[in-house]
Amino acid sequence: MGFLKLKIGYRTLKTAIGTAISIFLAQQLDLMYPASAGIITILCIQVTVKQSFRTAWNRIMASFLGVGIGMVLFSLLGYTPLAILLVILFFLPLAVRFGIQEGFVNSMVVLMHLYSAERMDFPLLLNEAGLLVIGVGVALLVNLYMPSLDKDLRAMQKQVEQLFRQILREFSYYLRHGESEWDGKEMIEAPGLLEKAIRLAARDIDNRLGRRDDSYYQYFVMREKQFELLERMMPIVSSLDTQVPQGQRIADFLEQISASVHPGNTAYRFIDQLRKMRQEIQESELPRTRREFETRASLFYLLREIENYLFIKHELGKSSDDNKAASVKRAKSGA
């Protein structure tokens, strides 16, 4: 019989360690209800560092609000179920109004302690404040460590670039031959991969407390915009079943772009090359038939979309250079 292999995630490990530390500290300070410090820690550990700080603030504010309402109603109605009912009825709308409703559980933990003790003197309130400070503080400390997402983001970047290369190669092949056995799977895979990458890049930003580094996020958003153009190019390319010299030139051009989907901002060179090619096509012999005219018009439309595709990358490169962010190099690509 094989051994049972359990995979423990870093968040699970941090939650376990933080909970134990919180309870230990509460016990060492001889606080009442020390397990509640552990519960508060569990509730405050979030997926990202910034989310943890935001959650901690909301829970602290919610606890203050709940205690304030509770003190008033307990004084008027005593420690009765009716008082708890009214506390909740008053608390929730106010919490939603101030955007701190996620702190509901925290505030209820504190209120139940007051309800159980049937008193609201300074020592008990100080005890609850101590539990809150320990629970929230430990959660923030253990959540400061977040594993780097660079490896995953780089892997996604390579996957996206590979998909784009293949798509552009297939476009080039069809323009040359007027037919293709391509199943278009890259066009199906790319949107899901880009959506996942953008979410991960946004999470990476929220894990940084210092200088904002959104190079990966900007990169994947740029690729998402470019993919929208690839989707618009596809029906144009598939409609060009008439072989013309201009189509062959554009096929060669797409092949070059495909080979340049790699680190390094060279989009400006392709833009210059494309404009020269467009000028040459305009100066070439006029179409002789309606079919040739329609093909020429489609080719010009395709060139415009290719130019937009390149311009999106070019703009990201200029923005990155202006910001002088060192890490942007890893997010740039040629086309």
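Student: Leaving aside neighbours within four places in sequence, with which residues is Ser-258 in contact?

Tutor: In this predicted model, Ser-258 is found in helix H10, which covers residues 245–259. Its relative accessible area is 1%, so Ser-258 is buried. Once neighbours within four places in sequence are set aside, the residues in contact with Ser-258 are Arg-165, Leu-168 and Arg-169.

Student: Is Ser-107 buried or exposed?

Tutor: Ser-107 has its place in helix H5, residues 104–117. Beyond its neighbours within four places in sequence, Ser-107 is in contact with Ala-62, Ser-63, Gly-66 and Phe-91. The cut-off for a buried residue is under 20% relative accessible area. Because the relative accessibility of Ser-107 is 0%, this residue counts as buried.

Student: How are H2 and H5 oriented to each other, roughly parallel or roughly antiparallel?

Tutor: The axes of H5 and helix H2 (residues 35–44) come within 10 Å and cross at roughly 170°. Angles over 145 degrees count as roughly antiparallel. The orientation of H2 and H5 is therefore roughly antiparallel.

Student: By class, how many nonpolar, polar and charged residues has the contact of H2 with H5?

Tutor: On the H2 side, the residues that meet H5 are Ser-36, Ile-40 and Leu-43. Their partners in H5 are Val-105, Asn-106, Val-109 and His-113. By class, this contact of H2 with H5 has 4 nonpolar residues, 3 polar residues and no charged residues.

Student: In which hand does H7 pass H8?

Tutor: Helix H7 (residues 150–177) and helix H8 (residues 185–206) have axes that come within 10 Å and cross at roughly 155°. That angle makes H7 roughly antiparallel to H8. The crossing in which H7 passes H8 is left-handed.

Student: How many charged residues has the contact of H7 with H8?

Tutor: From H7, the residues that take part include Leu-153, Met-156, Val-160 and Leu-163. From H8, they include Ala-190, Leu-193, Leu-194 and Ala-197. By class, the contact of H7 with H8 has 12 nonpolar and 2 polar residues, and its charged residues number 5.

Student: Which helices do the buried residues of H8 pack against?

Tutor: The buried residues of H8 include Glu-186, Met-187, Ile-198, Asp-204 and Ile-205. The helices against which the buried residues of H8 pack are H3 (49–77), H7 and H9 (215–239).

Student: How far apart are the end C-alpha atoms of H8?

Tutor: H8 has 22 residues, which at 1.5 Å a residue should span 32 Å.

Student: How far apart in space are Ser-180 and Ser-238, C-alpha to C-alpha?

Tutor: Ser-180 is found in the loop between H7 and H8, and because its relative accessibility is 32%, Ser-180 counts as partly exposed. Leaving aside neighbours within four places in sequence, Ser-180 is in contact with Glu-170, Tyr-173 and Tyr-174. Ser-180 and Ser-238 are 58 residues apart in sequence, and their C-alpha to C-alpha distance in space is 9.3 Å.

Student: What percentage of the contacts in the protein with a separation of 6 or more comes from residues 24 or more positions apart?

Tutor: The secondary structure of the protein comes to 12 helices and 0 strands. Of its 335 residues, 45% count as buried. Among contacts with a separation of 6 or more, the share from residues 24 or more positions apart is 78%.

Methods:
Residues numbered from 1 in each chain as written. Predicted model: local features only at pLDDT ≥ 70, side-chain atom pairs only at ≥ 80, totals over all residues. Heavy atoms only, no water. Helix = DSSP H or I, 4+ residues; strand = E, 2+ residues; numbered from the N terminus. Buried < 20%, exposed > 50% of the residue type's maximum accessible area, 1.4 Å probe, protein only. Contact = heavy atoms within 4.5 Å. Axes fitted to C-alpha atoms, helices over the stretch in contact; angles between N-to-C directions. Parallel < 35°, antiparallel > 145°, perpendicular 65-115°, else oblique. Left-handed = near helix turned anticlockwise from the far one by under 90°. Nonpolar A, V, L, I, M, F, W, Y, C, P; charged D, E, K, R; others polar. Expected span 1.5 Å × (residues − 1).
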